[in-house]
Amino acid sequence: MGLATGIAATSLSSRRRRRIGRHVQGWLFAAPWILGFVIFVAGPMLASAVMVFTDWDLLSPARFAGLNNIRRLFVHDPLVGHSLKITTMYAIVSVPMDIAAGLTLAMLLNANIRGLRFYRTLYYLPVVLSGVASALLWRWLFSPEFGPLNYILSLFGIAGPAWLLDPEWAMPALVMMTLWSVGGGMVIYLAALQGVPTELYEASIVDGAGWWPRLRFITLPMITPVIFFQLVMGIIRSLQVFTPAFIMTQGGPLNATLFYELYLYRIAFEQFRMGFASAMAWLLFLYILVLTLLVFRSARSWVYYEGEQRGG
Amino acid sequence: MSDRRVTRRDFLWIGAMGATASLMAACGAPVPPTPTPQAAAPAKAAAPSEPTKAPAPTVAEKAAAAKGPVTLRFLLRHYQSFGPQWDWIVSSYQKKNPNVKVEIVQNPAGCELDKLLIMVSAGDQVDTYWTCGDTFVGLATKGVLKKLNPFFTMDKTFKVDDYVSTFFELYKQKDGSIYSVPWLCFTFMIFYNKDIFDKEKVPYPDPKKPMTWDETLELAKKLTRWTGSRPEQLGGFVSGSTAWTMWAAWLAQAGIPFWKPDMSGVNLDNPEAWQVLDWFAEWQWKHKVNPSAAFQTDIPFGFNSGNVAMWIAAEAQWNGTKKAAAGKFKWDIAPFPQRAGTKRQVYGYGDTVVMMNASRYPDESWGFLKEACGPEAYLMLYDMATTIPSLKTHINPPHPTFVNSRPPDNNLMVLEDLEYLMLPYPGNSGAYSAVSRIVNNALNPVYVGKMTAKEAMTQAMPDIQRTLKELKDTGLV
Amino acid sequence: MAELTAEPLDAPARAGSILSSWRFRRTAVACLQHAILLSVVGLIMLPLVWTLSTSLKEASQVYGFPPALIPKPIRLQNYPEAMTVGPWLRFFTNSSLVTGLNILGQIVACSLVGFSFARLRWWGRDVLFILMIATMMLPHQVTLVPQFVLFRTLGWVSTLLPLIVPRFFAAAFYTFLVRQFFMTIPTDLDDAARIDGASTFGIYSRIILPMSKPVLMAVAIFVFTASWNEFQLPLIYLHSEQNFTIQLGLRGYQSLHGGQWHLLMAASTLTMLPVIILFFLGQRYFIQGVVFSGIKG
């Protein structure tokens, strides 16, 4: 009896020890992120959260401002709403386009065709182009009189628009510009396609399935985790879009490309209102968080994980 | 599957590649990425770590500072373009003040206000700084810059009256405070390509008598050649880098001040102003003597290409044009066009050097400012075609160093221009820069003939008013 | 099946025709693929071709109108000339140091953390995962100043350390990417290994890592590109030319030679070159992908 209890007790404690060990192991493996978060990320994030409730001009001590900044977000400043609206529109257009274009390219380049390396390198090149040189290039490309874009259009008898100078065309021009670096997404999809087991394709070919069923029922489901990744990152990135407008249009013409983060930057570093800028930043944070959580929620019904049933 | 499987060795290979690259780099780099004592020590000593206004140093502190070796930190933007100039100033200053070492914080380009602001607010202070208009007023109003008036009274070797007053007024505050001394000064003028004038058999513009607006436009039309829808030679040109200020110059020329009294608004809401803006825009979309001015950078069809007959720009461009035109085409300058029936006016602008309020070594900093803007430094600047004189002793009579800094051959014309100098937006360059960006953005569709100035300005006005109000609320106006 | 039994004699002929039509279709598909790929290449390459062509032009040709695609004469001296201004070797060395260490740090750190999030079950995992994703959602402009204060306290300002040390801790973006890939690897492999007595680290290093070379290569390429092209952080943290990175050098160069596009473009072509070469070489890790003929690559 006593012996039996003893055995039971040891096995119980060893099981618990093992369970605790599993948790410890998980934390240890995740430590390279957790430590980095605690040391380098959490502090500055917390500081910016505190700033929301202050008036701080960066140059003199901050003053407590209560909820003024938050009230201001919703009442006094129409440009906050405007910039959030156009940024959202930008995201709605550019995220699906980026995913579709990247995926199409990756599939075309995952085949066994000649010059594969050549094509892949060429498509990745725009991502490599440094920001310093690309601003010059794009302004030249979109120049109404001297740009090659309108020159090509004129060959087809089309009088090109004034692109960056026209309130209606500035945003499409910037969308085109960001779509240009679709090579980044292509690399991710290529890596994902590599992971689709060849056996599945062999089986489908033996079954006589055409390319569409193969795509629909094998390829796409197998790479949904990566499409999910691209969707989440696309939302996060496109709602934080900054550089194209910063270097190309300065938010114009007539605020047509005044992205949220560009406006935020101006509030912070040109108007010296770090408190209000922080309030804007945290509003965007919450907006993206809600959208992302919705995507995470939906993931359960469309993302297929070979390795794990739970989570998403 | 097994053939696609990758061994651990391969993974290590990727890591090793990274490590090798960095090792190679490390071997090539004699200086390890650890703080060098020179760089780190003054950074720590320079300022309090809290973003507070540093109290003025006490007399005892100053005395202590004067005895020991002093390191002054100077923030230099465009460190490559203006490196030679500042190296000269630093070494000249250090020669006279052997106990002071000037450390240059190098910044690759432009008015990178974010870098300066982040440094200042995190306590990584500099002592002096070569400012630009956009950043100046904010920093002055927020008490970051040191008022220089006491130094003017204290230091008998420096006289404000030695300088052309307009360049001092450029950054003068409403209450008479002066925070800066002029370093670069320029006025706007016409650059013209003599070869094109010769080829078209058109006489050069008169350096003594400015053309009227309409004469300038007629001349530009005469010198423009289009083949089909493509320009071969353009008569007039306002380049991107100057376009953002040019409309203000045209407006001021037409007698329309930029600000309404007390900066309660801007004078862009009336038919006279719209007419000027439309006229300026028509150069581009209607007469096609000028490509769209909206480009903020040079497009590959600038004056320096040799395909443009006339260009409206400032002395700041002399150096670049000198280099680009050497051996390719001959060029010279003519006065800024004047609207018929108005008083002659020339549009001027400048950059200054300032001192930070938190500087622990105000006397040394003042000495450095004086050196940068002193007569010897100016001579060096003429040599490098960087500025026009703003010291009266160099203007009347013209200093030989400036006279000899040709081309342009008509360079003495700018000294005459100084009599007609005006500031198109006096009072607050920071507010001007915020408002002018809105105007610029609104003008883009006007330049391409998509909107009239009236429509664009009407749409932009609420934005301008709100920005002004915000600047007032935050004390920047 | 019914057809085959009905006409057994025609079978070889039929097989041949199926084969030839299959071959024909494959050729047609390949042609179509090339047509699509090439036309997109044309669009995508326009600015880059122009960069290259400008970098080989004489100053006077840069402004030529209409712009000539092929420079005449080709002026290779632009490259050495562009490199004589400024200590480019120094910039290159600094950038290589930062980039190399970043790749090393991120590959090790992100694969460990990604493994933990994808394959291990532990208390707090899902919350921390969402937290990690959330760190990417806050605009970085508002954390710049607190971050600077932090690095200043550590005495790292005006050194390369702010660009290096934080990257030895896993970045959210790459960790998320790696985690997504690890999620696609079947769990049976882990279970089998565990039964064989493998430790968790053994599963990570012997099962998961070897199967993840494509994504690790993708991470390496992304980190390389991002570090090599990074502008804002070096701008804020580096105070002297001797520790400038290549992008700061390029920016200074641009301000120095505003109008001299041929030199600027030569300089920027040179800065792009290492990334292009690495990408070209590195892509063999995701090149042996699916082959539709059924022959394993």
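Is A:L254 buried or exposed? A:L254 is buried, at a relative accessible area of 19%, where buried means under 20%, exposed over 50% and partly exposed in between (1.4 Å probe, protein chains only). The model is a predicted one, so local features need pLDDT of at least 70 and side-chain atom pairs count only at pLDDT 80 or more, while totals for chains, interfaces and linings use all residues. Residues are numbered from 1 along each chain as its sequence is written, chains are lettered from A and ligands numbered from 1 in the order in which they are written, and side-chain values use heavy atoms, with hydrogens and water left out.

Chain A comes first. It holds 13 helices and two strands, with helices (H or I, at least four residues) and strands (E, at least two) taken as DSSP runs numbered from the N terminus. Of the 312 residues in chain A, 58% are buried. The chain exposes about 13,300 Å², and 69% of that comes from carbon and sulfur atoms; areas are from the Shrake-Rupley method with a 1.4 Å probe, and for residues only the protein chains shown count as cover.

Most residues other than glycine have a negative phi, and most peptide bonds are trans. A:L254 has a positive phi of about 50° without being a glycine, and sits in the loop between α11 (243–248) and α12 (260–269) of chain A. A:W163 is another non-glycine with a positive phi, about 45° here. Its place is the loop between α6 (148–155) and α7 (170–179) of chain A, and A:W163 counts as buried at 6% relative accessibility. Over in chain B, the peptide bond between B:N396 and B:P397 is cis, with omega at about 0°; B:P397 belongs to the loop between α16 (392–395) and α17 (400–403) of chain B. B:R406 and B:P407 are likewise joined by a cis peptide bond, with omega about -5°, and B:P407 is found in the loop between α17 and α18 (413–417) of chain B.

Next up are the charged pairs. Side chains of opposite charge can pair when their charged atoms come close. Over all chains, the search turns up 24 salt bridges, each being a side-chain nitrogen of Lys or Arg within 4 Å of a carboxyl oxygen of Asp or Glu. One of them pairs B:D124 with B:R73, with the closest N and O atoms 3.0 Å apart. B:D124 is in the loop between α5 (113–121) and β3 (128–130) of chain B and B:R73 in strand β1 (residues 70–76) of chain B, so this pair ties together parts 51 residues apart in sequence. Both B:D124 and B:R73 are buried. B:E200 and B:R225 also form a salt bridge, at 2.6 Å from N to O. This pair links distant parts of the chain, 25 residues apart: B:E200 lies in the loop between α9 (194–199) and α10 (213–222) of chain B, and B:R225 in strand β5 (residues 225–227) of chain B. B:R225 is partly exposed, with a relative accessible area of 36%.

A further bridge stays within one helix. B:R466 and B:D463 meet at 2.3 Å, N to O, and both lie in helix α20 (residues 453–473) of chain B, three residues apart, or about one turn of the helix. B:R466 counts as buried at 18% relative accessibility, and B:D463 counts as buried at 10%. Salt bridges with shared partners also join A:R72, A:R273 and B:E470 into one network.

Buried residues of α4(B) include B:W86, B:I89 and B:Y93. Helix α11 (residues 200–211) of chain C, with twelve residues, reaches 16 Å from its first C-alpha to its last, close to the 16 Å expected. Nine of the twelve residues of α11(C) are buried, among them C:I203, C:Y204 and C:P210.

Note on methods. The expected span of a helix is 1.5 Å times one less than its number of residues.
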